[in-house]
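Open the model in your viewer and keep the selection tool at hand. We will go stop by stop.

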Amino acid sequence: MTDGHGHGQGRQLLVHGGTFAATDPSGALTAVRDGSSPDGLFVRDARHLCRWQLTVDGAAPEVLTPMSYEEEGIGRCVLVPRGGRQEPSAYTLFREQAVAEGSFVELLKVVSNRPVPTTVRIALTVDADFTDQFELRSDHRTYAKTGAVRTREVLDNGVEFTYTRGDWRSSTTVTSEPAPDGVEETGTGARRLVWTLDLAGQGGAELTLRVVARPSGAEPVRAAASPAAVASELADTVREFTEGVELPAAWPELADACTRGLADLAVLRVPAAGPDGERHLVPAAGVPWFLTLLGRDAVLTSLFALPYRPELAAATLPVLAATQATEPVEGAVAQPGKIVHEVRHGELAHFGQVPFGRYYGSVDATPLFLVLLGAYVEQTADVALARRLEPQARAAVGWMLDHGGLTSRGYLVYRADRGGLANQNWKDSPGAICSADGGRATGPVMAAGAQGYAYDALRRTATLARTVWDDAVYADLLEQAASDLRDRFVRDFWMAEEGFPALALDGEGRQLDALASDAGHLLWSGLLDKEYGDAVGRRLLEPDFFSGWGVRTVASGQAAYHPLSYHRGSVWPHDNALIALGLARYGLHDEARVVAAGLISAASACGGRLPEVVAGYARTSYPAPVPYPHACARESRSAATPLALLTAVGA
């Protein structure tokens, strides 16, 4: 897959579980930034391979056919030595690359184009810098690494790189079949593997190159045998995950988007542990920067897929229960009962240099956890999981009522975290929560969407208390809390002149009056009564909100609007999925279908795959969605969005 959406123009991504590789069009890794992010082989938040540069007879070959991602999980390209029209290439190189969990494999075929024997000298410069992903972001931060040591050891069939710092030890092993003729030093940390290949007239030779990454604390993995073997394993995984889902024959574009989304979800799952240490596969947020568990993202992805793949929810719920906070941790924004926002496994998280080892800076992951638990039981009738997770569910309700602010402030509230996120709802970029004039929120913030999630969470948990936990008194308490929240929300958030809810309240209770898509989440949660809900739903389809591809995060025409911003005018598929589900909930089926049609048109224009986010430009301005420059190439919520649309429109 060619990714021109924020991972460097021309970057190619290969993804498998918690591992991904990003190469240039020739299949090389250069450790040089291209656009917004670097290339490399990444496992558990670290770059385990930063250089993978091929030369033939001392020169880098030219790209004849650039690296392309094939749907079966193999990247392929064709290279030739530099030459001219009058001197046809003496040989051709065919590269095949693939990633498996913790490993990378390449099959390099060299084919002679001459009728006489030819000798070719192949050299591959390799290096592993073990750089943490947080060091590679564009925030210009540096991190001290006192006592860090890198080593290189030549093996009979390759080289092993190691990195140690205190109790942290990672390694990357590069091997070849056949073994290289030699391993040379380069004057840097890199090593050069060299082969001299004697090719018969119009004959060929093959090299199989294998890389195994061993992050600190991780179990060893087996080297992938070949790209074909990886493709076969991947095909089995995708087939198992996608088969059996009934897709709409009357809307083939929607069916295609669902199929592509399911295939992406199959490979975006990463291993995580439940409360008893049992292994689950949960949806990671996305590549390249978030191939890890994010609580909000995993819950929404699981909710969208719930009618079709309930096993995602069955995995996500116990994993989030296992990572639920049990005591206050100031730097991590942890409080008892709070559901985790982000889990990281890298070196900087391990040593506490970033707060994201287990980071709880999310106001909405906790109510969404409860929404998912209630929805899962309703969908599957699996009461055993609700019984198993009753302590964690009650603790989550306790957090909403106490630390979350429902009792003291009347609403879920968050404050900017100096070491982490300024905004802790789904629009978490700086300045995303704003007034119509673009002014930013200051002090404590009560975001509208989170109140809808809290309302839904209280109602669904009340149902569990009454029907599964046999606790009518607790159910009554939660139902009353939900009713009270609904009553005061309209009083405090509704903007009568606009006929629309405010985006948020500040610490003084003042309305942040930007017209924003979060209002559609209130439809999904059922927080608004029918009259207000109908008004909001129809307003979201007006031209200042609806771009033709979807509903903008902020309506155009306001000073706050910017079509290329992250959360102030862009169009997010998962945001629109919640809106479409909300429209359907309020009986606005024509409007739901308009939103779904816009998104599916966007998917078709993007090769069948919905991106994480696109710019807010109107469809009439340009015939294809304009990409947002820094979007994830694959994102689990976007992958699951077509399934949510299928639910919303009932196609």
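The expected span of a helix is 1.5 Å times one less than its number of residues. Keep that rule for the first stop; note also that this is a predicted model.

**Helix H13.** Select residues 573–585. These 13 residues should span 18 Å, and the end C-alpha atoms are 18 Å apart, so the two values agree. Now colour by burial. H13 is mostly covered, with 12 of its 13 residues buried. Among them are Pro573, His574, Asp575 and Leu583. What do the buried residues of H13 pack against? Show helices H3 (295–305), H9 (448–467), H11 (518–525), H12 (530–539), H14 (589–605) and H15 (636–649) to see the partners. Then step on to Gly587, which follows H13 and has a positive phi, near 80 degrees.

**The sheet.** Select the eight strands in the order S7-S8-S9-S10-S17-S14-S13-S12; they form an open sheet with antiparallel pairing. S7 (62–69) and S12 (149–155) stand at the edges with a single partner strand each, so one side of each has no neighbour in the sheet. From one strand to the next, the twist averages 10 degrees.

Zoom in on S9 (residues 91–100) and S10 (residues 103–112), joined by 10 bridges. Pick Gln97: its bridge partner in S10 is Glu106.

**The cores.** Show Trp52, Leu93, Ile122, Met400 and Trp524. Of the 194 residues in the largest nonpolar core, these touch the most other members. Apart from that core lies another of nine residues, including Phe134, Leu348, Phe356 and Tyr359.

Terms used:
Residues numbered from 1 in each chain as written. Predicted model: local features only at pLDDT ≥ 70, side-chain atom pairs only at ≥ 80, totals over all residues. Heavy atoms only, no water. Helix = DSSP H or I, 4+ residues; strand = E, 2+ residues; numbered from the N terminus. Buried < 20%, exposed > 50% of the residue type's maximum accessible area, 1.4 Å probe, protein only. Contact = heavy atoms within 4.5 Å. Core = buried A, V, L, I, M, F, W, Y, C linked by side-chain atoms within 4.5 Å. Pairing = 2+ DSSP bridges. Axes fitted to C-alpha atoms, helices over the stretch in contact; angles between N-to-C directions.
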